[in-house]
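Open the model in your viewer and follow along. Each stop gives a selection and what to look for there.

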Amino acid sequence: YRGTGGDEWLTNASIMYEESTAHQLEAREYLDSMVERFPNEFKNSHVTVTGHSAGGNKGMYATMTSQYGDYVDSCIVMDAPSYSPELVDKMESDPNFNERRSKITMVCGQYDYVHGLGEPIVDPDNLYYIKTAPAEGDIGERAFSMHLSQYLFKYDIVKDENGNIVT
């Protein structure tokens, strides 16, 4: 799922106090409509939902609340904000909560701040931090750039002579 775009800037903060936003509902409706449109393809596939920032929030929402959430094998998000306490309470009351929650993995840049917003649902065992380069520029530029998805991949990947990643 795509992160913040268009008119979504005004709804970014509302994910922390509204039970569900229009954009979260649209994300769930999209997943539902794809399964209904292509049921055989979904039944015989491994479906991975992904997203960055607000897109990750939408991906987790669709995975957790869709009537077809069982079709999702994994949900991998980057630097995604979480939810309102009311929504988390509602999700936790669903008998499928733990099974669906176990499908979610979040990757965060060590300097990112967005993933800390809201009430988390990601299992701490599925939360990973990666080393990122310190941002440059004034405080506004640093704050903005520390959340860009390309910031997660700023370091060059170093491989040895056999093509193995060197850590």
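A salt bridge here is a side-chain nitrogen of Lys or Arg within 4 Å of a carboxyl oxygen of Asp or Glu. This is a predicted model: local features need pLDDT of at least 70, side-chain atom pairs count only at pLDDT 80 or more, and totals for chains, interfaces and linings use all residues. Residues are numbered from 1 along each chain as its sequence is written, and side-chain values use heavy atoms, leaving out hydrogens and water.

**Stop 1: salt bridges.** Select Glu 99 and Lys 103: their closest N and O atoms are 3.5 Å apart. Lys 103 is buried at 10% relative accessible area, while Glu 99 is partly exposed at 39%. (Buried means under 20% relative accessible area, exposed over 50%, partly exposed in between, with a 1.4 Å probe and protein chains only.)

Next, select Glu 19 and Lys 90, a salt bridge at 3.0 Å, N to O. Glu 19 sits in the segment before helix 1 and Lys 90 in helix 4, 71 residues apart. (Helices are DSSP runs of H or I, at least four residues; strands are runs of E, at least two; both are numbered from the N terminus.)

Then select Arg 100 and Asp 70, which meet at 3.7 Å, N to O. Arg 100 is in helix 5 (residues 97-101) and Asp 70 in the loop between helix 3 and strand 2, so the pair ties together parts 30 residues apart in sequence.

**Stop 2: the core.** Select Met 60, Tyr 83 and Met 91, among the residues with the most contacts inside the largest nonpolar core, which has 25 residues. (Such a core is a set of buried Ala, Val, Leu, Ile, Met, Phe, Trp, Tyr and Cys residues joined through side-chain atoms within 4.5 Å.) Helix 3 gives the most to this core, four residues.
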